[in-house]
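This report covers a single chain and its packing. The sequence and structure come next.

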Amino acid sequence: VQLQASGGGLVQAGGSLRLSCAASGRTFSSSVVGWFRQAPGKEREFVAAISWSGCNTFYADSVEGRFTISRDNAKNTAYLQMNSLKPEDTAVYYCAAREDLAHTIVLFTTGYEYESWGQGTEVTVSS
């Protein structure tokens with residue numbers, strides 16, 4: 001699966017952005033998708049993950065209640081809706097995918113568990 005993230009930009013604190021992760025490849029609809037972010041000078045961190053079906057999601061505590069991960073398998077695209085943005089959300093956001101051909105409900109929260117990565121899209125939240 002090849003991934004391309006988009007939708008980043010500059011937004012004021014309290015604002016919203018929606019990131020998209022467009023995929024090519026036949027197995028996207030059978031893949032877990034995760035979003036990660038990396039702020040300047042910091043390590044990459046997990047943001048959210050969604051199961052192949054879209055029925056199961058999991059969020060980092062720092063974004064729970066503000067961010068929503070979703071997917072449209074018919075469009076081979078996953079999304080990250082980000083509301084109530086804070087300056088500390090400033091980072092490069094990456095989407096990642098891992099095949100789950102067995103169609104389990106397992107979600108992955110660490111980067112090494114993912115097989116494919118997009119190129120990243122930059123989000124800057126001004127105070």
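Over the face of which residue does Arg-98 lie? Arg-98 lies over the face of Phe-108, at 4.3 Å from the ring centre; a charge counts as over a ring if NZ of Lys or CZ of Arg is within 6 Å of the ring centre and within 35 degrees of the ring normal.

## Basis

This is a predicted model, in which local features need pLDDT of at least 70 and side-chain atom pairs count only at pLDDT 80 or more, while totals for chains, interfaces and linings use all residues. Residues are numbered from 1 along each chain as its sequence is written, and side-chain values use heavy atoms, with hydrogens and water left out.

## Aromatic residues

There are six aromatic pairs in the structure. Rings of Phe, Tyr and Trp (its six-membered ring) pair if their centres lie within 6.5 Å; planes under 30 degrees apart count as stacked, over 60 as edge-to-face and the rest as tilted. Phe-36 and Trp-117 make a tilted pair, 5.1 Å centre to centre with 50° between the planes. This pair links distant parts of the chain, as Phe-36 in strand β4 and Trp-117 in strand β10 (residues 116-117) are 81 residues apart. Strands are DSSP runs (E, at least two residues), numbered from the N terminus.

Phe-36 counts as buried because its relative accessibility is 2%, whereas Trp-117, at 28%, is partly exposed. The limits are under 20% relative accessible area for buried, over 50% for exposed and partly exposed in between (1.4 Å probe, protein chains only). Trp-117 also forms an edge-to-face pair with Tyr-114, 6.3 Å centre to centre and 65° between the planes. Phe-36, Phe-46, Phe-58, Phe-108, Tyr-114 and Trp-117 belong to one aromatic cluster. The charged end of Arg-44 sits over the ring of Phe-36, 5.8 Å from its centre.

## Nonpolar core

The largest nonpolar core has 36 residues, of which Trp-35, Val-47, Phe-67, Leu-80, Met-82 and Tyr-93 touch the most other members. Such a core is a set of buried Ala, Val, Leu, Ile, Met, Phe, Trp, Tyr and Cys residues joined through side-chain atoms within 4.5 Å.

## Sheet and loops

Four strands form an open sheet in the order β1-β3-β8-β7, with antiparallel pairing; strands pair if DSSP finds at least two bridges between them. β1 and β7 are the edge strands. Five bridges join β1 to β3, and Gln-4 has Ala-22 in β3 as its bridge partner.

Asn-76, in the loop between β7 and β8, has a positive phi of about 50° although it is not a glycine.
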